[in-house]
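Please keep the sequence and the 3D view open side by side as you read.

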Amino acid sequence: MWRPPPLLAALAAATLVAAADPVPVTITTDSSGPSTRVVLMVEKGARCKVVQETARVQVECDNPIAPTPRSGALDDTILTRFALEGDRTIVFATGPGFRRLDTFELRNPTRLVIDAQGERGAAPARAAAPAKAQPVVVIDPGHGGVETGAVGPTGVQEKDVTLDLARRLKALLERRGLTAVLTRDEDRVLPLDDRTSVANHNRAVLFLSIHLNASKRKDAAGAETYFLSTGATDAEARTLAALENKAYDPGGASSEAKAAAPPDRGLELVLWDLAQNSYLAESSRLAESVQAELNALAGARDRGVRQAPFRVLMGATMPAILVEAGFISNPEEEARLKDAAYKDKVAEAIAAAVASFAARS
Amino acid sequence: MTSRGASALLLVALVACGRTDRRAQPAPAADPVAGAAPAEGETAAPLAKSTVTLYFPSAAGDTLTTESREILDTIRPAERGTQVLAELLEGPREKGALAAVPEGTTLRRLWVREDGTAFADFSDELASGLPGGSSDEILAIYAIVDSLTANVPEIQRVGILVAGRERDTLGGHVDLRRPLRPDMALAQKKAE
């Protein structure tokens with residue numbers, strides 16, 4: 001039986017005393033997707049819930065909060081502005097395009113996500129018909145911010161190339177009549193769970209994460225496409241995962257980590273794993289067709305379709321693949337990945353496969 | 001307990017101390033295997049050797065290639081696994097293989113639970129020393145998982161910890177939130 005060491009108990013007591021201070025809440029908004037998304041990162045010490053009222057959406061917390069920013073305006077017809085009211089409620093004003101609300105909570109750190117669904121633009125009726133006809137594809141540029149990913153021999157960073165490729169791919173897909181949403185459209189850190197969340201909450205027909213590979217083998221080269229390995233979603237492993245988080249105590253330094261872990265993490269894992277499990281056959285088909293297009297690219301060496309327990313694919317509720325577009329550690333491939341014409345060819349190859357897959361789904 | 005059995009245990013304890021710096025840590029009270037003394041009949045001769053197969057990343061392509069090593073024929077799965085990982089961390093001896101883990105990586109501790117799950121706790125270098133690509137990350141992880149499961153019958157899956165902590169991933173790719181089963185497909189491709 002694990003008992004908190006005296007130091008941790010003392011820390012816990014100190015936290016309780018400090019709870020009188022307003023709890024920091026960081027608010028970020030994103031109007032770039034079909035829905036307007038608000039993420040509230042709530043520090044320890046407050047629990048908040050979302051309440052929908054007439055012409056407003058309220059986030060009500062059980063303790064005083066200190067939001068950053070305290071108020072703001074969204075250039076948006078779904079949600080228009082927000083402000084702190086009193087010391088524990090944030091009010092969001094809904095616009096003419098607002099239709100309904102989806103909310104969910106992410107843990108570690110605690111984030112309350114509000115997806116306000118509705119119609120964009122000044123004339124809400126205009127968007128209604130074509131919006132339904134256009135399938136949404138979510139493209140995830142790997143890494144970002146301080147998480148640079150792999151770095152090439154001349155210093156090219158994976159996070160920059162993946163974003164560049166993702167933007168090119170988005171433009172090509174939109175030319176083909178698809179709606180493409182990027183999980184990040186700037187150089188910033190984005191947690192892996194948030195990446196699939198973007199796809200899940202946009203009801204995307206597919207999720208595609210773009211990465212570049214690296215190896216200490218300097219001659220390693222070529223492109224490959226991954227989908228989730230079946231071993232990773234093994235039923236026994238899932239059951240274990242639920243037990244693991246309750247039963248095992250590695251001792252020493254990890255006691256702290258254990259104390260910080262949410263108690264229902266095992267259940268969370270089970271649910272997420274089941275999600276991608278039912279799409280493995282389709283993910284495999286998508287991976288095969290993307291890889292076939294990449295193989296047709298002059299100069300790209302075929303490394304085939306592979307499976308691995310990629311963390312970022314785990315929670316996707318649609319076909320999901322990860323494309324390793326080339327080895328940035330290989331001097332020749334790094335040079336190619338600096339070339340705009342080559343990047344267009346890679347994006348075009350992926351776009352062709354994605355568009356035909358989306359058309360059939 | 002016979003004196004032979006006692007000296008075998010002492011030897012095992014010394015090996016474990018030398019490999020993992022266990023002296024710096026408190027005794028694992030909850031370790032179910034720690035208290036299990038070998039039964040009379042199973043007691044091996046103190047210096048008996050056992051041949052194990054290690055999995056290293058191949059220098060020719062991104063698959064795993066095998067090398068053999070002799071270890072002491074210890075009985076307890078945690079001791080056997082500790083020896084296997086010590087050999088793996090020392091690196092390959094043949095030209096066709098590459099180091100499985102980043103330079104400087106050490107094993108802090110290995111537990112083996114009765115349900116077949118091992119937890120291997122490595123120093124920070126395992127994560128911080130990776131170059132950032134999924135390829136090396138996958139190979140490092142499965143060199144560890146495959147080497148342990150192939151040579152210690154009691155181990156069916158391996159949880160990887162870094163500096164005593166659970167991690168989501170080593171470098172943003174492979175999910176480490178729960179123990180992994182071996183991926184022998186990485187080793188089988190060698191034949192192609």
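The paragraphs below visit a loop and a helix in chain A, then a loop in chain B.

This is a predicted model, in which local features need pLDDT of at least 70 and side-chain atom pairs count only at pLDDT 80 or more, while totals for chains, interfaces and linings use all residues. Residues are numbered from 1 along each chain as its sequence is written, chains are lettered from A and ligands numbered from 1 in the order in which they are written, and side-chain values use heavy atoms, leaving out hydrogens and water.

Start at A:Asp76, in the loop that links β6 (71-73) to β7 (79-85) of chain A; strands here are DSSP runs of E with at least two residues, helices are runs of H or I with at least four, and both are numbered from the N terminus. A:Asp76 counts as buried because its relative accessibility is 12%, where buried means under 20% relative accessible area, exposed over 50% and partly exposed in between (1.4 Å probe, protein chains only). Its side chain makes a polar contact with that of A:Thr36 at 2.4 Å. Such a contact is a pair of N or O atoms within 3.5 Å; within protein, one must be able to donate a hydrogen and the other to accept it, and residues adjacent in sequence count only if both atoms are side-chain atoms. A polar atom of the A:Asp76 side chain also lies 2.8 Å from the backbone nitrogen of A:Ile78.

Next comes helix α4 of chain A, residues 192-201, where 10 of 10 residues are buried. Just after this helix, A:Arg203 adopts a positive phi of about 50°.

Finally, B:Pro182 sits between β5 (157-162) and α5 (185-188) of chain B, in a loop. With 33% relative accessibility, B:Pro182 counts as partly exposed.
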